[in-house]
Amino acid sequence: MKRLLKEGISMKKMIRILAVILIAALHPLTASADGGLSFKTTTLAGKSYSSDSMKNYKLTMVNVWAEWCNPCVWEIPFLQQLYAEYDNLLILGLWIGSDKDGAIATAEEAGVNYPLLIPAGDLVDYAYKSGSIPATYFFDANGKQVGEKDGYIGARNHESWKSIIDGLLAVVPDPDPSASVTLSK
């Protein structure tokens, strides 16, 4: 705790973080009946968003981040670049920060146009699963987690993420066209 105070994280922010971690620890795993990721939430902009969106993409990348996390902010432009490059990849930013206006400003400055979500439903489990951020998890079109079971911890550059994504895209099944929802990227 002393180290965090030295690094400029206020006591109030640490208490919030610890409270959220405690809530997450007490929150039972709530995977949907078929084992796939399931959630209904809102974006930082206040729009409704659900796991149904994932059905349109071969792969969904859920990146847990906060506006006060320097490595998280550092990798945002790489994530945005990947989002623009892949038609079959959905990127969801899962915000666990403490300053919503700061998070929105950070995202706007980076030119983010992928959805930035507030944890709800199964997303709560993944928001605090690793205890570290950034943390990234991948899911197929059915919401089943793929790749590293414990997620990918730490920030990565464009080429590193591209290598991981290409490897996962090579092995995950294509989405079922009959399950698709009408959305635009």
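Modeller: A residue is called buried here when its relative accessible area is under 20%. The model is a predicted one.

Colleague: Is Phe 138 buried or exposed, and what is its relative accessible area?

Modeller: The cut-off for buried is under 20%. Phe 138 falls below that cut-off and is therefore buried, its relative accessible area being 0%.

Colleague: How are the rings of Phe 138 and Tyr 152 arranged?

Modeller: Their centres are 5.4 Å apart. Planes over 60 degrees apart count as edge-to-face. The planes of Phe 138 and Tyr 152 stand at 85°, so this pair is edge-to-face.

Colleague: How many residues apart in sequence are the parts that the pair of Phe 138 and Tyr 152 ties together?

Modeller: Phe 138 belongs to strand S6, and Tyr 152 to strand S8 (residues 152-153). Tyr 152 is buried, with a relative accessible area of 10%. The pair therefore links parts of the chain whose separation in sequence is 14 residues.

Colleague: How many aromatic pairs does a search of the whole structure find, and what is the arrangement of Tyr 126 and Phe 139?

Modeller: The search gives seven aromatic pairs. In the pair of Tyr 126 and Phe 139, the ring centres are 5.1 Å apart and the planes are at 90°, so the arrangement is edge-to-face.

Colleague: Which elements hold Tyr 126 and Phe 139?

Modeller: The pair ties together parts that are 13 residues apart in sequence, because Tyr 126 is in helix H5 (residues 123-128) and Phe 139 is in strand S6 (residues 135-140). Both Tyr 126 and Phe 139 are buried. The elements are thus H5 and S6.

Colleague: Why is strand S4 described as largely enclosed by the rest of the structure?

Modeller: Leu 89, Ile 91, Gly 93 and Trp 95 point one way from S4, while Leu 90, Leu 92 and Leu 94 point the other way. Residues on both sides are buried. S4 is largely enclosed because its buried residues number seven of the seven.

Colleague: In what sense do S3 and S4 pair, and what is the handedness of the crossover between them?

Modeller: Strand S3 (residues 59-65) pairs with S4 over seven bridges in the parallel sense.

Note on methods. Residues are numbered from 1 along each chain as its sequence is written. This is a predicted model: local features need pLDDT of at least 70, side-chain atom pairs count only at pLDDT 80 or more; totals for chains, interfaces and linings use all residues. Side-chain values use heavy atoms; hydrogens and water are left out. Buried means under 20% relative accessible area, exposed over 50%, partly exposed in between (1.4 Å probe, protein chains only). Helices (H or I, at least four residues) and strands (E, at least two) are DSSP runs, numbered from the N terminus. Two strands pair if DSSP finds at least two bridges between them. Rings of Phe, Tyr and Trp (its six-membered ring) pair if their centres lie within 6.5 Å; planes under 30 degrees apart count as stacked, over 60 as edge-to-face and the rest as tilted.
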